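Below is a colleague's note for a reader who is new to this structure. Please keep the sequence and the model in view while going through the numbered points.

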Amino acid sequence: MRFLLMPFALIAAVLFIMGLHIFGTGFYHQAFWIQTVATVTEVVPYTEVHKKGFTSDGINVAVAYLVGDTPMTWSGKGKIIGLYSVNPGDKVELYYDPADPSNLDTAAMKGWRGGLLLLASTAGFVAFYVWLFWLRARRAH
């Protein structure tokens, strides 16, 4: 019986580790990357059509920022750096990697409510599983 729910416990453990990785990356960027203020210079909306026929909307953005005294620019899909809704001229706080200043991130906890729900539910399931099938059974012997 104890192995019946093992696949679900393993999936929950993997999801918990994925959630920790997501949160850890955000905290790492906030702690060790350098913060700068970037100016949005261009915003171009786009619509992608995926293989299964569904579409997703997004924006291509261009930003200008300073690394020390050196002016830098970045352009690409806004979701790559965590920008989903901006206008030209907006100022956004970004973090850049000191080893590669072209690597940007908002370091915002994107979707943190869902992430917390994922962490709490998977941790709760794994803890209940361990207690019900492993710890409780050992105390009974």
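**Notes on the predicted model**

1. Of the 141 residues in the protein, 28% are buried, where buried means under 20% relative accessible area, exposed over 50%, and partly exposed in between (1.4 Å probe, protein chains only). This is a predicted model, in which local features need pLDDT of at least 70 and side-chain atom pairs count only at pLDDT 80 or more, while totals for chains, interfaces and linings use all residues. Residues are numbered from 1 along each chain as its sequence is written, and side-chain values use heavy atoms, with hydrogens and water left out.

2. The secondary structure comes to three helices and five strands, taken as DSSP runs numbered from the N terminus (helices H or I, at least four residues; strands E, at least two). Along the sequence these elements follow the pattern α-β-β-β-α-β-β-α.

3. Helix α1 covers residues 6-32, and its end C-alpha atoms lie 38 Å apart, which agrees with the 39 Å that its 27 residues should span at 1.5 Å a residue; the expected span is 1.5 Å times one less than the number of residues. The buried residues of α1 are Ala9, Ala12, Gly19, Phe23, Gly26 and His29.

4. The largest nonpolar core has 15 residues, and Val63 and Leu104 have the most contacts inside it; such a core is a set of buried Ala, Val, Leu, Ile, Met, Phe, Trp, Tyr and Cys residues joined through side-chain atoms within 4.5 Å. Two or more of its residues come from each of β1 (34-49), β2 (55-67) and β4 (91-97), and β2 gives the most, with five residues.

5. Which residues does Leu104 touch, not counting those up to four places away in sequence? They are Trp33, Val63, Tyr65, Trp74, Ile81, Leu94, Tyr95 and Tyr96, with contact meaning heavy atoms within 4.5 Å. Across the protein, residues 24 or more positions apart account for 60% of the contacts with a separation of 6 or more.

6. Strand β4 is largely enclosed by the rest of the structure, because five of its seven residues are buried. Six bridges join β4 to β1, and the two run antiparallel, with Gln35 standing opposite Tyr95 in β4; strands count as paired if DSSP finds at least two bridges between them. Three bridges join β4 to strand β5 (residues 100-105), again antiparallel, and here Tyr95 stands opposite Asp105 in β5. β4 and β5 form a hairpin with two residues between them.
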